[in-house]
Amino acid sequence: MRNRVTTILTILALSIPIFAQKVTFMPQWTPQSQFAGYYVALEKGFYTEEGLDVEIKHLSVNSTETATDYLLRDEVQITGMQLIQAMIARSNNTPLVNIFQLTQRTGLMCVSHTPIFAPSDLTNMKVGRWKAGYSDICEIINTQIDSKINWVPFINGINLFIYKAVDATLCYSYSEYIQLLQALGRIDQKNVIRYYDFGYTIPEDGLYVTEQYYSRNKQTIDKFVRATKRGWDYTRENIDEALEITKSYTDAANIITNDNFQRLMLEEYLRLQVNPRTNKPDYSPIDEHEFNKMIDDIFESGHIVKKINYKDVIK
């Protein structure tokens with residue numbers, strides 16, 4: 001009996017990392033199925049199996065700070081962010097490094113009360129956009145086509161559009177667009193534009209660390225990325241379970257939502273992870289040629305004052 005107990009204890013000891021590396025990760029928003037793969041990787045033990053002690057920390061709904069603020073104070077080590085925002089921050093001397101590219105295309109859209117067929121149709125309209133950013137692509141396009149838009153900032157939500165305080169509103173295909181569909185029941189597709197359809201193919205969400213953290217913790221980063229990929233791959237094959245896990249996070253944070261919204265969000269977010277060149281969710285980094293074109297566009301729009309070298313930030 002004693003030998004059996006000793007064997008069990010030995011197996012348990014070998015299966016638990018003695019010196020687990022502490023890593024705090026912060027997504028760019030409050031709990032929702034957009035981040036399901038990270039929750040799955042944590043709850044299924046994928047991070048633990050890599051010898052990591054991972055904590056997922058979220059911003060609050062009313063936070064005036066960004067995940068980058070926490071990153072620069074070293075209160076978190078890894079954060080989620082959109083590529084274009086990260087490159088603008090990098091140009092402004094924020095030492096960000098891309099370690100993982102999750103989504104492969106943009107989900108940015110615009111919905112109007114009247115028919116629109118191209119970004120230029122928004123000229124002279126009052127258009128809602130996020131106060132905290134996420135509309136950089138639109139501003140770059142407006143510079144290129146010299147379109148005059150009357151921007152109306154909002155923190156989050158769809159009320160400005162529903163109550164017709166704006167003529168149109170920016171939204172994401174996996175978030176506000178679903179909320180609009182649920183609220184309105186139907187949206188005429190003549191009143192919708194998707195920026196991807198107009199050649200704006202910049203991928204969006206990825207993972208970022210500081211240059212200093214990258215140089216000192218390469219092995220830890222590799223482990224985190226490897227476990228994260230497992231989390232998203234598992235999510236893709238087990239959507240119901242992933243949604244149940246996500247629900248435990250939204251409930252704990254008292255997020256007002258509904259199951260159908262979270263399911264539609266996750267399904268659309270997984271679609272955006274599929275690389276249009278390979279038709280697979282391969283988590284490919286942005287191509288260097290596409291990256292340089294993006295930087296040229298941002299530079300010419302005046303959003304950055306200096307260009308960025310691909311190999312300095314895409315790892």
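Modeller: The second largest cavity has a volume of about 30 Å³, a volume being the space filled by probe spheres set on grid points that are joined across faces, edges and corners. Here a cavity is a set of points, on a 1 Å grid over the protein atoms alone, where a 1.4 Å probe fits but cannot get out; lining residues have an atom within 4 Å of a point. This is a predicted model, in which local features need pLDDT of at least 70 and side-chain atom pairs count only at pLDDT 80 or more, while totals for chains, interfaces and linings use all residues. Residues are numbered from 1 along each chain as its sequence is written, and side-chain values use heavy atoms, with hydrogens and water left out.

The lining of the second largest cavity consists of Q82, L83, I84, T106, I137, I202, P203 and E204. By class, five of these residues are nonpolar, two polar and one charged (Ala, Val, Leu, Ile, Met, Phe, Trp, Tyr, Cys and Pro count as nonpolar, Asp, Glu, Lys and Arg as charged, and the others, Gly among them, as polar).

Across the whole structure, the search finds two cavities of 30 Å³ or more. The largest holds about 50 Å³ of space and is lined by 13 residues, with Q28, F35, Y38, G80 and Y269 nearest its centre. Its lining comprises eight nonpolar, four polar and one charged residues. Strands β3 (78-82) and β10 (205-210) each contribute at least two residues to that lining, strands being DSSP runs of E, at least two residues long, numbered from the N terminus. The largest share, three residues, comes from β10.

Methods. On a 1 Å grid over the protein atoms alone, a cavity is a set of points where a 1.4 Å probe fits but cannot get out, and a pocket is an open set with protein on both sides within 12 Å along at least five of seven lines; lining residues have an atom within 4 Å of a point. Helices (H or I, at least four residues) and strands (E, at least two) are DSSP runs, numbered from the N terminus.
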